[in-house]
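Let's walk through this protein together, one question at a time. Have the sequence and the 3D view open as we go.

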Amino acid sequence: KQTRQYFDMMMEQTKRMQLLIEDLLTLSQLEAGKSAPDEEDIDVDNLLNVVVSEAKGLSKGKHQIHLDAQADLNIKASRKELHSAFSNLVSNAIRYTPEGGDIFVSWQAHNQEAVFSVRDTGIGIEPEHINRLTERFYRVDRSRSRETGGTGLGLSIVKHILSRHQARLEIHSEFGKGSTFSAVFPKARIIS
């Protein structure tokens, strides 16, 4: 029985290292990326259904995940990079929202921009940490990093992807009440 326990721990650590290496490779490719991303017209509603479906698998029924997407709002972007950015934001919401919490995924036009946002009823973030969240490996609470299973690179990856799409990341949070992470795409990206 003890051998099995050690084996499971080794598998868990191997999986963690694999995720870290994959994230580091993604980040270094984004940082080195002199060329613009391969862009196409993205059916964002369709992409978000995939992202939410993956999120439900990650949550394993522990959260209510709601999707409100404006069906006719599409943008020109790299599907692979958009998928990565949106998935990172949704999986963070799942990781930092206690069981029974709600996660609201939204895609709407606002002030002539296209806004993807993830709002959660999680633990929230104290104001002094917000500006540093996109730094590599930055942790608000180091004691939580092991239990949440993240690599500490997700928001760095999101920031790079958004900047390659002339978009910005906005973060609003209230400690103890939850957070909203929004990716705001410029009007020029919207397919009319």
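Q: Leaving aside neighbours within four places in sequence, which residues is Phe 86 in contact with?
A: Keep in mind that this is a predicted model. Phe 86 is one of the residues that touch the most other members of the largest nonpolar core. Once its neighbours within four places in sequence are set aside, its contacts are Val 44, Leu 47, Leu 48, Val 51, Trp 107, Phe 116, Ala 183 and Phe 185.

Q: Which element gives the most to this largest nonpolar core?
A: The core has 36 residues. At least two residues each come from α2, β3, α3, β4, β5, α6 and β7. With seven residues, the element that gives the most is α3.

Q: Is Ala 85 buried or exposed?
A: Ala 85 lies in helix α3, which spans residues 79–95. It touches Val 158 and Ile 161, not counting residues up to four places away in sequence. The cut-off for a buried residue is under 20% relative accessible area. Ala 85 has a value of 1%, so it is buried.

Q: How many Å apart in space are Ala 85 and His 160, C-alpha to C-alpha?
A: Along the sequence, Ala 85 and His 160 are 75 residues apart. In space, their C-alpha to C-alpha distance is 9.1 Å.

Q: In what order do the five strands of the open sheet run?
A: The edge strands are β2 (64–69) and β6 (168–174), each pairing on one side only. The pairing in this sheet is mixed. Reading across the five strands, the order is β2-β4-β5-β7-β6.

Q: Which residue is the bridge partner of Gln 108 in β5?
A: Strands β4 (residues 102–110) and β5 (residues 113–120) pair in the antiparallel sense over eight bridges. Within that pairing, look in β5 for the partner of Gln 108. The residue there is Val 115.

Q: What is the phi of Gly 176?
A: β6 and β7 form a hairpin, with three residues between them. Gly 176 sits in the turn, and its phi is positive, at about 85 degrees.

Q: What angle does the direction of helix α6 make with that of β6?
A: Helix α6 (residues 154–164) packs on the sheet. There it touches β6 and β7 (178–185). The angle between the directions of α6 and β6 is about 140 degrees.

Q: What percentage of the residues in the protein are buried?
A: The protein has six helices and seven strands. It exposes about 11,100 Å², and carbon and sulfur atoms supply 51% of that area. Of its 192 residues, the buried share is 42%.

Methods. Residues numbered from 1 in each chain as written. Predicted model: local features only at pLDDT ≥ 70, side-chain atom pairs only at ≥ 80, totals over all residues. Heavy atoms only, no water. Pairing = 2+ DSSP bridges. Helix = DSSP H or I, 4+ residues; strand = E, 2+ residues; numbered from the N terminus. Contact = heavy atoms within 4.5 Å. Axes fitted to C-alpha atoms, helices over the stretch in contact; angles between N-to-C directions. Buried < 20%, exposed > 50% of the residue type's maximum accessible area, 1.4 Å probe, protein only. Areas by Shrake-Rupley, 256 points an atom, 1.4 Å probe, with all protein chains shown as cover. Core = buried A, V, L, I, M, F, W, Y, C linked by side-chain atoms within 4.5 Å.
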